[in-house]
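Please open the model in a viewer and keep the sequence panel at hand. The stops below are arranged as a series of selections.

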Amino acid sequence: MEEQIKKVLKEKVDPVLAAHYGGAVLTGYEDGVAMVKLTGQCASCPSAQSTIEEVVKSIVMDNIQGVKDVVLDTSVSEDLLDMARKILRKDKH
């Protein structure tokens, strides 16, 4: 199921979001719920929740049976947190 969702995100969602310099990636799938993180300019857009509900969710659910919901993943990546920690440690020395 995850591979199907990734394919739909890449082939059908990303071209729509590319017009706004963004994209979408699957970060998890459990019990019929796909967790999607927006990337690029879409990641920090105030309309991110609306984009998930009106664009991403409708495209994914129209193309893949079995997906019950698509939700916005607003978590911060470990890579970004590690980078912030390194920067903060340097400032203390």
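A residue is called buried when its relative accessible area is under 20%, exposed when it is over 50%, and partly exposed in between. By that rule, aspartate 82, at 34% relative accessibility, counts as partly exposed. The model shown is a predicted one.

**The whole chain**

Begin with the complete chain in cartoon view. It contains 3 helices and 3 strands, and from the N terminus on they follow the order α-β-β-α-β-α. Along the principal axes, the C-alpha atoms fill a box of roughly 55 × 30 × 20 Å. Of the 93 residues, 29% are buried. The accessible surface amounts to about 6,400 Å², and carbon and sulfur atoms account for 52% of it. Colouring by charge will display 12 positive and 15 negative side chains, with the centres of the two sets 7 Å apart.

**Salt bridges**

How many salt bridges does a search of the whole structure find? The search finds 3, and each can be selected in turn.

Select glutamate 3 and lysine 6 in helix α1, which are 3 residues apart, about one turn of the helix. Their side chains meet in a salt bridge with an N to O distance of 3.7 Å. Glutamate 3 is exposed, at 58% relative accessible area, whereas lysine 6 is partly exposed, at 38%.

Next, select lysine 57 and aspartate 69, whose closest N and O atoms are 3.0 Å apart in a salt bridge. This pair links distant parts of the chain, with lysine 57 in helix α2 and aspartate 69 in strand β3 (residues 69–72), 12 residues apart. Lysine 57 is partly exposed at 26% relative accessibility, and aspartate 69 is partly exposed at 24%.

Return then to aspartate 82, together with arginine 85: this salt bridge has its closest N and O atoms 2.8 Å apart. The two residues are separated by about one helical turn, because they are 3 residues apart in helix α3. Arginine 85 is partly exposed, with 35% relative accessibility.

Remaining in helix α3 (residues 78–92), select leucine 80. Leucine 80 is partly exposed, at 49% relative accessibility.

Move to methionine 35 in strand β2. At 31% relative accessibility, methionine 35 counts as partly exposed. Which residues does methionine 35 touch, not counting those up to four places away in sequence? They are Val25, Leu26, Thr27, Gly28, Tyr29, Val71 and Asp73. Aspartate 73 is 38 residues from methionine 35 in sequence, yet their C-alpha atoms are 5.6 Å apart.

Select threonine 51 in helix α2 (residues 48–63). Is threonine 51 buried or exposed? Threonine 51 is buried, because its relative accessible area of 18% is under 20%. Beyond its neighbours within four places in sequence, threonine 51 is in contact with Leu17, Leu38 and Val56.

**Two loop residues**

Tyrosine 21, with phi near 60 degrees, lies in the loop between α1 (2–18) and β1 (22–30). Aspartate 31, with phi of about 50 degrees, lies in the loop between β1 and β2 (33–40). Tyrosine 21 is exposed at 67% relative accessibility, and aspartate 31 is exposed at 62%.

Notes
Residues are numbered from 1 along each chain as its sequence is written. This is a predicted model: local features need pLDDT of at least 70, side-chain atom pairs count only at pLDDT 80 or more; totals for chains, interfaces and linings use all residues. Side-chain values use heavy atoms; hydrogens and water are left out. Helices (H or I, at least four residues) and strands (E, at least two) are DSSP runs, numbered from the N terminus. Buried means under 20% relative accessible area, exposed over 50%, partly exposed in between (1.4 Å probe, protein chains only). Contact means heavy atoms within 4.5 Å. Accessible areas come from the Shrake-Rupley method with a 1.4 Å probe; for residues, only the protein chains shown count as cover. Lys and Arg count as positive and Asp and Glu as negative; His and the chain ends are not counted. The place of a charge is taken as NZ of Lys, CZ of Arg, CG of Asp or CD of Glu. A salt bridge is a side-chain nitrogen of Lys or Arg within 4 Å of a carboxyl oxygen of Asp or Glu.
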